[in-house]
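Colleague: Could you take me through the helix packing here, step by step, so that I can follow the reasoning?

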Amino acid sequence: MKTNELYQKITDEIVKLLKKQLAGGGQSWINLKGNCLPHNLTTAKNYSGINTLILSIYSSLKKYEHNGWLTFNQARKLNAKVKPGAKSAPVYYFTFVYKDSKGKTIPPAKIATMTKAEISVLDAYGIIKSYAVFNAAQVEGLPENLTSNDLEITLNDFEQDQQAESILNNSTATIYIKKSNEAFYSPNEDIIVLPLREQFPKNMKFYEVAFHELSHWTAHESRLNRPIKNKFGSAAYAKEELIAELGAAFLMAEIGCEKLITDNAAYIQSWLSVLNNDPKIVISAAAKAQKAANYILMKSLQAA
């Protein structure tokens, strides 16, 4: 399958899921389970970017209590068996193919032995590939140790607050918390303004909003340099809001909390509009949201 066809396939999948959630009465359309990002059961590595988004949507819609995934062959090597009729979820990965001056593809093993200077003069072609994975709930006979700790873990409120506050405090962002009816990030002043914590019905709602605005904050030209001064209602505006929502979801999952992506019908409709016009936008948004979350979390690691 050609790269553009894969982009379209990914986007069609997301559009289908968004429409299903919109038709379901405005339910939140992604549920990142606390302390349990989508991960490969055999390697224990978390999926990232667009794969985090897709697998979390699948897990939420199917109400899987596990967020561990594996391929058909990985299940077979564990002497486990994919249940008859089980439908897989798609996982995508990006890689590069390098060619020499004669247009001949250079084997990955040789690339691994080359210096950065040698690689920089080669012609590089980005490609996207896909493969199928199954949720742990779709597989019979898995070793118990692979799934026993895979259930959602909920930390107590004090621990959650401490972790969230640490991320906010270590971000180096200028944050004003005051009695207000709005939350926003101002790119001109490079500040975040948030309502009082007491104005939120639940503690974690405050942090969801704070992380959303903090994700916008990473767009500043001195940080990740994303277009942030976008016209309301434009495709660029919708994309940045999608980045911020996903960034907040990734951060909430990191501290062991659920983040339910907005049930705001207007947002979902605007995202559907831009997705239909640009099949690459959801992949780009998820990758940039992951980068934003990583940038913020790195600040906490550096401050530790």
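Modeller: A helix is expected to span 1.5 Å times one less than its number of residues. Please keep in mind that this is a predicted model.

Colleague: What span should the 23 residues of H11 have at 1.5 Å a residue, and how far apart are its end C-alpha atoms?

Modeller: Helix H11 covers residues 281–303. Because each residue counts for 1.5 Å, the 23 residues of H11 should span 33 Å, and this agrees with the distance between its end C-alpha atoms, which is 33 Å.

Colleague: Are H9 and H11 parallel, antiparallel, perpendicular or oblique to each other?

Modeller: Helix H9, residues 235–254, packs against H11 with the axes 8 Å apart and at an angle of about 45°. The crossing of the two, H9 and H11, is right-handed. Angles under 35 degrees would count as roughly parallel and those from 65 to 115 as roughly perpendicular, and H9 and H11 are therefore oblique.

Colleague: How many residues of the contact of H9 with H11 are nonpolar?

Modeller: On the H9 side the contact includes Leu242, Leu246 and Phe250, which together with others meet H11 residues, among them Ala289, Ala293 and Ile296. Of the residues in this contact of H9 with H11, three are charged and three polar, while the nonpolar ones number 13.

Colleague: Is His212 buried or exposed?

Modeller: His212 lies in helix H8, which runs over residues 203–217. Beyond its neighbours within four places in sequence, His212 is in contact with Glu241, Ala244, Glu245 and Ala248. Because its relative accessibility is 8%, His212 counts as buried.

How values were computed:
Residues are numbered from 1 along each chain as its sequence is written. This is a predicted model: local features need pLDDT of at least 70, side-chain atom pairs count only at pLDDT 80 or more; totals for chains, interfaces and linings use all residues. Side-chain values use heavy atoms; hydrogens and water are left out. Axes are lines fitted to C-alpha atoms, for helices over the stretch in contact, and angles run from 0 to 180 degrees between N-to-C directions. Helices (H or I, at least four residues) and strands (E, at least two) are DSSP runs, numbered from the N terminus. Angles under 35 degrees count as roughly parallel, over 145 as roughly antiparallel, 65 to 115 as roughly perpendicular and the rest as oblique. A crossing is left-handed if the near helix is turned anticlockwise from the far one by less than a right angle, and right-handed if clockwise. Contact means heavy atoms within 4.5 Å. Ala, Val, Leu, Ile, Met, Phe, Trp, Tyr, Cys and Pro count as nonpolar, Asp, Glu, Lys and Arg as charged, and the others, Gly among them, as polar. Buried means under 20% relative accessible area, exposed over 50%, partly exposed in between (1.4 Å probe, protein chains only).
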